[in-house]
Amino acid sequence: GELENALQAARPGSPEQQLFTNLLEEAQRLKTITQGLLLLAQADAGQLKLAAEPMDLSPALADMIEDARVLAAETRLQFKVQLQSGVHLSADRVLLHTALFNLLTNAIKYNEPAGRIEIRLQAERGEIHLTVGNTGPGITAADQPKIFERFYRAQRAEQARGDGIGLGLSLAREIIRAHGGELSLQESRPGWTAFTVRLATPTPPV
């Protein structure tokens, strides 16, 4: 809060404004890391509590995709989106947003200029399937078994836009598992990588 106040009071374009901006960005990054580590520690202890409520995943995911489009505006990425309407489940909105938005931001980071992102959501036979795929360098065969390990950053991270410490995928998988689902790497090869999320739909009352 003090950094935000100092930033607002700083003269536009001054060295002080740049300093406070850098400090604020670093503080926010450390806050994100701390929150991620806390959630992972809770998951390890079996204490990752969900504030689950009925929700329609279709419009929620559509909103996330619009946010992702804004982040990708300068990269000229193309989005191909197929969202089945009325995909309902019981979930913790905040945590599920954290997990799914991580997949979308990764699809931007590890893409190529003027590349493509494909998102497909459908529900069938009592199960929700979400696939997020992107063009780009792909993940090497040696790295693929390790991508869900904490703090592991695959070789493709050198080509990523932005930085990270390797918590995103492990945290996303723990959140999906806490919802009774699974997050997996569907495929990765030079030019294409795709992740799949599987979640159960609510059982209708008898």
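Glutamate 118 and arginine 116 are joined through their side chains in a salt bridge, with 2.7 Å from N to O, where a salt bridge is taken as a side-chain nitrogen of Lys or Arg within 4 Å of a carboxyl oxygen of Asp or Glu. Glutamate 118 is partly exposed at a relative accessible area of 24%, and arginine 116 is likewise partly exposed at 31%; here buried means under 20% relative accessible area, exposed means over 50%, and partly exposed lies in between, with a 1.4 Å probe and protein chains only. The model is a predicted one, in which local features need pLDDT of at least 70 and side-chain atom pairs count only at pLDDT 80 or more, whereas totals for chains, interfaces and linings use all residues. Residues are numbered from 1 along each chain as its sequence is written, and side-chain values use heavy atoms, with hydrogens and water left out.

Side chains of opposite charge can pair when their charged atoms come close. The whole structure contains five salt bridges according to the search, and one of them links arginine 93 with glutamate 53, whose closest N and O atoms are 3.4 Å apart. This pair connects distant parts of the chain, since arginine 93 belongs to helix α4 and glutamate 53 to strand β1 (residues 53-56), 40 residues apart; helices (H or I, at least four residues) and strands (E, at least two) are DSSP runs numbered from the N terminus. Arginine 93 is partly exposed, with a relative accessible area of 40%, and glutamate 53 is partly exposed as well, at 35%. A further salt bridge is formed by glutamate 187 and arginine 189, with the closest N and O atoms 3.4 Å apart; glutamate 187 counts as partly exposed at 30% relative accessibility, and arginine 189 counts as partly exposed at 42%.

A nonpolar core is a set of buried Ala, Val, Leu, Ile, Met, Phe, Trp, Tyr and Cys residues joined through side-chain atoms within 4.5 Å. The largest one has 43 residues, of which Leu57, Leu96 and Ile119 touch the most other members. At least two residues each are supplied by α2 (15-44), α3 (57-71), β3 (88-91), α4 (93-109), β4 (116-124), β5 (127-134), α5 (168-178) and β7 (192-200). Leucine 57 touches Val87, Leu89, Leu96, Leu100, Leu121 and Ile128, not counting residues up to four places away in sequence, a contact being heavy atoms within 4.5 Å.

One aromatic pair is found in a search of the whole structure. Because phenylalanine 148 lies in the loop between β5 and α5 and phenylalanine 195 in strand β7, the pair ties together parts that are 47 residues apart in sequence. Phenylalanine 148 counts as buried at 13% relative accessibility, and phenylalanine 195 is buried at 5%.

Two loops remain to be visited. Glycine 46 is placed in the loop between α2 and β1 and counts as exposed at 66% relative accessibility; its C-alpha atom is separated by 9.0 Å from that of alanine 178, 132 residues apart along the chain. Threonine 75, in the loop between α3 and β2 (78-83), counts as buried at 12% relative accessibility.

How values were computed: Rings of Phe, Tyr and Trp (its six-membered ring) pair if their centres lie within 6.5 Å; planes under 30 degrees apart count as stacked, over 60 as edge-to-face and the rest as tilted.
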